[in-house]
Amino acid sequence: MTNPFRLGSAALYARDAKKLASFYRSVFDMQLAAFCRKHEDQTFLAFRPETDYYEISFVGDPRQVQMTFYAESLGALQGLWRNVRSRGIRVHGPYTEGWGVSFQFGDPEGNRIEVLWPQRLKISRRAIRAIQLESWTDDDIGKWQSENREEQPQQSDEAGE
């Protein structure tokens, strides 16, 4: 049985985000995916920035450090949600946002963990009720996705042009 989760991204603390980004760009040939104007000390790098996802970010505030795990399905996200809550761990969320559906919690050392079911949605971040996450079925989420999925540009057929 394969694990339905994989490490998606990590936010690392950096006293000098530009210097650290330069290091990772030169050593790993990563590309600049985004630079947060609101928080000038936050930089996002990706191996393939055209995918809209990043693998690593650098933050200037140690409280922003986190790891993001991607769930391969809604069922996997729901199962982990129930597991974490059954252990008495305090959770934040769930949330829907342009990246998908997520929730956050802390590990025993206080490190922040986000679990995300990645989807491209045309909505801004908002909290959803826990009961919504727990009760969604594949049919419900299919309808919800079709209403909220971000439109993707159509690929042209080079042979037809």
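User: In this predicted model, why does aspartate 29 count as exposed?

Analyst: Aspartate 29 has a relative accessibility of 56%, and exposed means over 50%; aspartate 29 therefore counts as exposed. The residue lies in the loop between α1 and β2 (31-35).

User: Which peptide bond is cis?

Analyst: The bond from glycine 93 to proline 94 is cis, with omega near 10°. Most peptide bonds are trans. Proline 94 belongs to strand β6.

User: Why is strand β6 described as largely enclosed by the rest of the structure?

Analyst: Strand β6 (residues 91-97) has seven residues, and five of them are buried, so the strand is largely enclosed. Buried means under 20% relative accessible area.

User: How do you know that β6 and β7 pair?

Analyst: Pairing needs at least two bridges, and β6 and strand β7 (residues 100-106) share five, in the antiparallel sense. Within β7, phenylalanine 105 is the bridge partner of valine 91.

User: What joins strand β5 to strands β1 and β8?

Analyst: Six bridges connect β5 (residues 66-71) to β1 (residues 5-13) in an antiparallel arrangement, with phenylalanine 5 opposite alanine 71. Five bridges pair β5 with β8 (residues 112-118) in the parallel sense; there, methionine 67 has isoleucine 113 as its partner.

User: How many aromatic pairs are there, and why is the pair of phenylalanine 23 and tyrosine 24 called edge-to-face?

Analyst: The count comes to six aromatic pairs. For phenylalanine 23 and tyrosine 24, the ring centres are 5.4 Å apart and the planes stand at 85°. Centres within 6.5 Å make a pair and planes over 60 degrees apart count as edge-to-face, so this pair is edge-to-face.

User: What makes the pair of tyrosine 24 and phenylalanine 58 tilted?

Analyst: The planes of tyrosine 24 and phenylalanine 58 are 45° apart, with 5.2 Å centre to centre. Stacked requires under 30 degrees and edge-to-face over 60, so the angle of 45° makes the pair tilted. Tyrosine 24 lies in helix α1 and phenylalanine 58 in strand β4 (residues 56-59), so the pair ties together parts 34 residues apart in sequence. Both tyrosine 24 and phenylalanine 58 are buried.

User: Why is phenylalanine 28 called partly exposed?

Analyst: Its relative accessible area is 45%, which falls between the limits of 20% and 50%, so phenylalanine 28 is partly exposed. Phenylalanine 28 is found in helix α1 (residues 17-28). Together with Phe23, Val27 and Phe47, Phe28 forms a nonpolar surface patch with about 410 Å² of accessible area.

Note on methods. Residues are numbered from 1 along each chain as its sequence is written. This is a predicted model: local features need pLDDT of at least 70, side-chain atom pairs count only at pLDDT 80 or more; totals for chains, interfaces and linings use all residues. Side-chain values use heavy atoms; hydrogens and water are left out. Patches are made of residues with over 30% relative accessible area and no salt bridge: like charges are joined within 9 Å, nonpolar side chains (Val, Leu, Ile, Met, Phe, Trp, Tyr) within 5 Å. Accessible areas come from the Shrake-Rupley method with a 1.4 Å probe; for residues, only the protein chains shown count as cover. A salt bridge is a side-chain nitrogen of Lys or Arg within 4 Å of a carboxyl oxygen of Asp or Glu. Helices (H or I, at least four residues) and strands (E, at least two) are DSSP runs, numbered from the N terminus. Buried means under 20% relative accessible area, exposed over 50%, partly exposed in between (1.4 Å probe, protein chains only).
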